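Student: I have a structure to go through and I am new to it. Can we take it piece by piece?
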Amino acid sequence: NNFCQSILSDKEQRLWIATNNGLYRRKRSSATVDRFTILSADGIVNSVFEIRNIAVANNKLFVATAGEGLLVFNRNGTRLLKQIRFDKLPGQVNNALYVIALNMDTVIAAISNSLVYINTNNLAAKAFSLPAWHMQNNFIAALFKDSHNSIYASSNKDEKSFFRKQQGEKEFSEILVTNDS
């Protein structure tokens, strides 16, 4: 049984479908959906990854996975450029929960208890924390980009706040939620 985690339409009119049972793609001109076979740099084929989220930036496809970190492919998805592992970071497992294109040069990946900036040119990754964040206690629950290019992150920190990075700002800020009567 497949369930869909995320859907992305790219500039070449391909539909990418992230599922618990792998990555699928469909050309808009075709009625068929094909399972996307992932060929690693060392030639190992695996099509059954749990895919959490997908983003496109700088002609690259960024695929957030459970257990395999962040997989980066060339724009048509035929060649794995890099596997970005997160299990080397303190307190992390190799899961990428969400990935969002901040702009053409940067994507943000949400891993269990922090966020990571990834340079789309050299694929260098740099973890960072949110304001008043405790890595051992907090985790990212969701990551979202709105139509104004603001990025929002929710967490288990408390029910009275979330985090936002507006376009042009360098850092995320904590937004407190109030009960207005």
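Student: Before that, what kind of model is it, and how are residues numbered?
Tutor: This is a predicted model, in which local features need pLDDT of at least 70, side-chain atom pairs count only at pLDDT 80 or more, and totals for chains, interfaces and linings use all residues. Residues are numbered from 1 along each chain as its sequence is written, and side-chain values use heavy atoms, with hydrogens and water left out.

Student: OK, how many aromatic pairs are there?
Tutor: Three, from a search of the whole structure. Rings of Phe, Tyr and Trp (its six-membered ring) pair if their centres lie within 6.5 Å; planes under 30 degrees apart count as stacked, over 60 as edge-to-face and the rest as tilted. One of the three is Tyr117 with Phe128, a stacked pair with 4.2 Å centre to centre and 15 degrees between the planes.

Student: Where do Tyr117 and Phe128 sit in the chain?
Tutor: Tyr117 is in strand E13 (residues 114–119) and Phe128 is in strand E14 (residues 125–128), eleven residues apart. Helices (H or I, at least four residues) and strands (E, at least two) are DSSP runs, numbered from the N terminus.

Student: Is Phe128 buried or exposed?
Tutor: Phe128 counts as buried, because its relative accessibility is 15%. Buried means under 20% relative accessible area, exposed over 50%, and partly exposed in between (1.4 Å probe, protein chains only). Tyr117 is partly exposed, at 22%.

Student: Which other ring does Phe128 pair with?
Tutor: Phe128 also stacks with Phe172, at 5.9 Å centre to centre and 25 degrees between the planes. Phe172 lies in the loop between strand E17 (161–165) and strand E18 (173–176), 44 residues from Phe128. Phe172 is buried, with 7% relative accessibility. Tyr117, Phe128 and Phe172 make up one aromatic cluster.

Student: Switching to charges. How many salt bridges turn up?
Tutor: Four across the whole structure. A salt bridge here is a side-chain nitrogen of Lys or Arg within 4 Å of a carboxyl oxygen of Asp or Glu. Among them, Asp87 bridges to Arg85, with the closest N and O atoms 2.6 Å apart. Asp87 is partly exposed at 30%, and Arg85 is partly exposed at 38%.

Student: Which residues are joined into a network?
Tutor: Asp10, Glu12 and Arg14, through salt bridges that share partners. Between Arg14 and Glu12 the N to O distance is 3.2 Å. Arg14 counts as buried at 10% relative accessibility, whereas Glu12 is partly exposed at 36%.

Student: And what does Glu50 bridge to?
Tutor: Its partner is Arg52, with the closest N and O atoms 3.1 Å apart. Glu50 is partly exposed, with a relative accessible area of 28%.

Student: Last topic: where is Phe139?
Tutor: Phe139 is in the loop between E14 and strand E15 (140–145). At 41% relative accessibility, Phe139 is partly exposed.

Student: What does Phe139 touch, leaving aside neighbours within four places in sequence?
Tutor: Phe139 is in contact (heavy atoms within 4.5 Å) with Ser112, Asn113, Trp133, Ser154, Ser155 and Asn156.

Student: How are Phe139 and Asn121 separated?
Tutor: Their C-alpha atoms are separated by 28 Å, and the two residues are 18 residues apart along the chain.
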